[in-house]
Amino acid sequence: MFQINENYQKLPGSYLFSTIAKKVAAFTEENPEKDVIRLGIGDVTQPLAPAIIEAMHKAVDEMGSAASFHGYAPDLGYDFLRRAIAENDYRARGCEIAEDEIFVSDGAKSDSANIQEIFGPDNRIAVCDPVYPVYVDSNVMAGRTGTYDKETERWSRVIYMPCTAENGFVPEFPKEEPDLIYLCLPNNPTGTTLTKAQLQAWVDYANRIGAVILYDGAYEAYISEPDVAHSIYECDGAKTCAIELKSFSKNAGFTGVRLGYTVVPKELRCGDVSLRDMWARRHGTKFNGAPYIVQRAGEAVYSEAGKAQLKEQVAYYMKNAAAIKEGLKECGYTVFGGVNAPYIWLKTPNGMTSWEFFDDLLSRANVVGTPGSGFGPSGEGYFRLTAFGSAENTQAALARIRSM
Ligand SMILES: Cc1ncc(COP(=O)(O)O)c(C=O)c1O
């Protein structure tokens with residue numbers, strides 16, 4: 001008789017965004033005449049940039065001819081894409097990352113969920129609280145998180161690093177010593193980030209205690225302030241303690257196209273064992289490559305035309321972010337983020353819980369956001385709005401919130 005992976009039974013409730021989708025579906029069924037504006041899930045709305053479409057069309061045509069057809073992609077990804085990544089995302093910023101330290105994938109969600117596989121079952125993970133739920137849930141599935149306490153909404157073996165207005169959303173070194181430290185900067189959901197010096201302190205800490213930082217840079221393209229690192233490898237010593245996860249979803253609108261990459265430096269070792277080689281083995285066994293057409297689209301992100309068009313696209317969303325931030329401030333809300341990230345993190349008014357504010361906003365303004373408590377216990381009393389809507393919807397949502 002087969003057995004199931006009992007760890008899955010430990011996962012509490014359904015995934016945050018499924019719960020939101022159900023609530024919104026119930027609301028629209030009861031109120032079919034209401035036009036709901038969705039500023040909840042962090043999905044982009046602008047079409048793919050022309051340079052990317054052009055590259056995809058060309059790649060599609062290549063696939064239609066025997067002479068230029070492409071089957072399975074190379075394990076690590078096509079050279080042309082890894083070369084462009086190494087040059088533009090690293091060398092241009094003074095970071096020496098070799099092309100064979102870059103692993104092209106179908107996105108940062110799967111990489112951030114899968115990366116824990118190369119670590120031992122007893123490793124203690126540390127996460128910021130609130131946090132992108134995938135880091136914790138993937139470790140629950142792997143049996144690394146102990147037992148769940150419904151009261152505190154915490155796992156017994158997870159080390160939580162609260163990030164709230166009180167500490168300026170800067171995680172403090174935990175009292176207990178972690179083995180794996182998840183950092184997402186700029187941060188989803190709080191929209192805040194660390195200065196380069198603050199990040200350097202985390203790199204020094206990880207090297208000192210022998211921990212690995214799993215660094216999610218999915219929102220790197222939204223950094224606007226000069227004192228913020230675009231890659232953890234800008235910090236001294238990061239190559240011996242950090243794995244970087246990147247996505248094409250938010251800088252280039254690839255949420256539906258699917259492309260990302262992970263960097264595992266050769267210097268990252270556990271005794272004699274190279275983590276880079278372990279990830280190469282895992283990648284080769286469990287992943288059969290991002291599609292050729294998509295990797296050509298990714299290459300176009302780094303073309304001169306692509307860069308210019310995507311700069312405009314990011315600016316479009318950041319204009320929304322600034323509008324939401326200023327608009328909410330004018331209404332008396334306390335707001336964070338929105339400067340180096342496309343997320344606005346607000347304090348719920350009048351002591352409402354995050355879900356109370358969700359219901360209030362949905363029923364009175366017909367605007368959907370994301371309850372902060374869905375990202376962890378320290379997110380209670382906060383709420384996330386995204387800047388990924390259209391400018392028109394963003395303005396309309398603001399007008400409705402003003403008249404609430
Ligand atoms: C912090 C963070 N990491 C990763 C992802 C997923 O990225 P991808 O679309 O590349 O899977 C998201 C998506 O919202 C995210 O917020």
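The shell around the ligand in this predicted model divides into four nonpolar, eight polar and two charged residues. Helix H4 (residues 108–114) gives the largest share of that shell, three residues.

**Ligand shell**

- There are 14 residues around the ligand.
- Those that come nearest are Gly 107, Ala 108, Lys 109, Ser 247 and Ser 249.

**Domains and their contact**

- Domain 1 puts 33 residues into the contact, and domain 2 puts in 40 residues.
- On the side of domain 1 that touches domain 2, at least two residues each come from helix H10 (304–330), strand S13 (335–337) and strand S14 (343–347).
- H10 supplies the largest share of this side of domain 1, with seven residues.
- By residue class, the side of domain 1 that touches domain 2 has 18 nonpolar, 12 polar and three charged residues.

**Helices H2 and H9**

- Two packed helices are described by the angle between their axes and the distance between the axes.
- For helix H2 (residues 50–63) and helix H9 (residues 292–301), the axes come within 8 Å and the crossing angle is roughly 150°.
- H2 and H9 cross in a right-handed sense.
- From H2, the residues that meet H9 are Ala 51, Ile 52, Ala 55, Met 56, Lys 58, Ala 59, Val 60 and Met 63.
- Their partners in H9 are Tyr 292, Ile 293, Arg 296, Ala 297, Glu 299, Ala 300 and Val 301.
- The contact of H2 with H9 comprises 12 nonpolar residues, three charged residues and no polar ones.

**Ser 18**

- Ser 18 lies in helix H1, which spans residues 16–30.
- Is Ser 18 buried or exposed? Ser 18 counts as exposed because it has 10 C-beta neighbours inside 10 Å, and the cut-off for exposed is 12 or fewer.
- Between Ser 18 and Glu 117 the separation is 99 residues in sequence and 25 Å in space, C-alpha to C-alpha.

Methods: Residues are numbered from 1 along each chain as its sequence is written. This is a predicted model: local features need pLDDT of at least 70, side-chain atom pairs count only at pLDDT 80 or more; totals for chains, interfaces and linings use all residues. Helices (H or I, at least four residues) and strands (E, at least two) are DSSP runs, numbered from the N terminus. A residue is buried if 20 or more other C-beta atoms lie within 10 Å of its own, exposed if 12 or fewer, and partly exposed in between; C-beta atoms are placed from the backbone. Two residues are in contact if their C-beta atoms, placed from the backbone, lie within 7 Å. Ala, Val, Leu, Ile, Met, Phe, Trp, Tyr, Cys and Pro count as nonpolar, Asp, Glu, Lys and Arg as charged, and the others, Gly among them, as polar. A residue is near a molecule or strand if its C-beta atom, placed from the backbone, lies within 6 Å of it. Axes are lines fitted to C-alpha atoms, for helices over the stretch in contact, and angles run from 0 to 180 degrees between N-to-C directions. A crossing is left-handed if the near helix is turned anticlockwise from the far one by less than a right angle, and right-handed if clockwise.
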